[in-house]
Amino acid sequence: MINDNKIKQIKEYAELNNVPIMMDDGISFLTDYIHKHRIKKVLEVGAAIGYSAIMMCNVDPELTVTTIERDEKRYLEALKNIKNVGLEDRIQLLYKDAFDVHLEDTYDLIFIDAAKAQNQKLFEYFEKNLSENGTIITDNMNFHGLVQIDSEEIESRNLRQLVRKVKDYRLFLENHKQYNTEFFDIGDGIAVSQKI
Ligand code: SAH
Ligand code: MG
């Protein structure tokens, strides 16, 4: 079990530095899912400062996470946090853009929590790494976060394009023949796509 105070410090840093870590309801949903489905091997896209990866490891001592972060400052903070809670053996942190990561392994759960506009591309890119009967969980499915999205997203794409992308991704999941997807109005919207 990880020291509550250390978790609290990570959350405080996120708050102070506007790092969009999962809120309490979202993280409970995710960790409950991991517990119920006995997930052991996770691939996370979007580590930020390592908070969700650490919380996932906290569910089960046998669980391992590979997680990807492209922002240097957040990567360094994640590295520090992971060491501080003693999880460097169970969390593999990759400092890369997700699309430059080439993984051979398969994972029980792929958790996509990166940039809204990239959700579908990320799903398609990492699908090959999903184990049989695996699940892809996507965060940031809703529109209500659009008023306070990452500034990088405002700079690179206009809001209309982003709204369209979020809608298109929903439709993509709803119509996907190889996955059953359930949508949950938790946090900024979570989709759970179970491979058939
Ligand atoms: N899962 C984290 C929060 C992630 S916030 C938690 O709950 O604790 C989303 C992160 O994804 C940001 O830090 C951003 O830098 C990163 N990100 C966005 N697009 C990315 C990409 N293409 N490759 C790697 N990281 C990306
Ligand atoms: Mg998120």
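## Sheet and helices

E69 stands opposite Y95 of β3. E69's strand, β2 (residues 64–69), pairs with β3 in the parallel sense over five bridges; to pair, two strands need at least two DSSP bridges between them. Helices (H or I, at least four residues) and strands (E, at least two) are DSSP runs numbered from the N terminus.

This is a predicted model, where local features need pLDDT of at least 70, side-chain atom pairs count only at pLDDT 80 or more, and totals for chains, interfaces and linings use all residues. Residues are numbered from 1 along each chain as its sequence is written, chains are lettered from A and ligands numbered from 1 in the order in which they are written, and side-chain values use heavy atoms, leaving out hydrogens and water.

Zooming out, the open sheet has seven strands in the order β3-β2-β1-β4-β5-β7-β6, with mixed pairing. Its edges are β3 (91–95) and β6 (179–184), each pairing on one side only.

The axes of α5 (residues 119–126) and α7 (residues 159–175) come within 9 Å and cross at roughly 40°. The two helices are therefore oblique to each other (under 35 degrees is roughly parallel, over 145 roughly antiparallel, 65 to 115 roughly perpendicular, the rest oblique). Here N119, Q120, F123 and E124 of α5 meet D168, Y169, F172 and L173 of α7.

Definitions and conventions
Axes are lines fitted to C-alpha atoms, for helices over the stretch in contact, and angles run from 0 to 180 degrees between N-to-C directions. Contact means heavy atoms within 4.5 Å.
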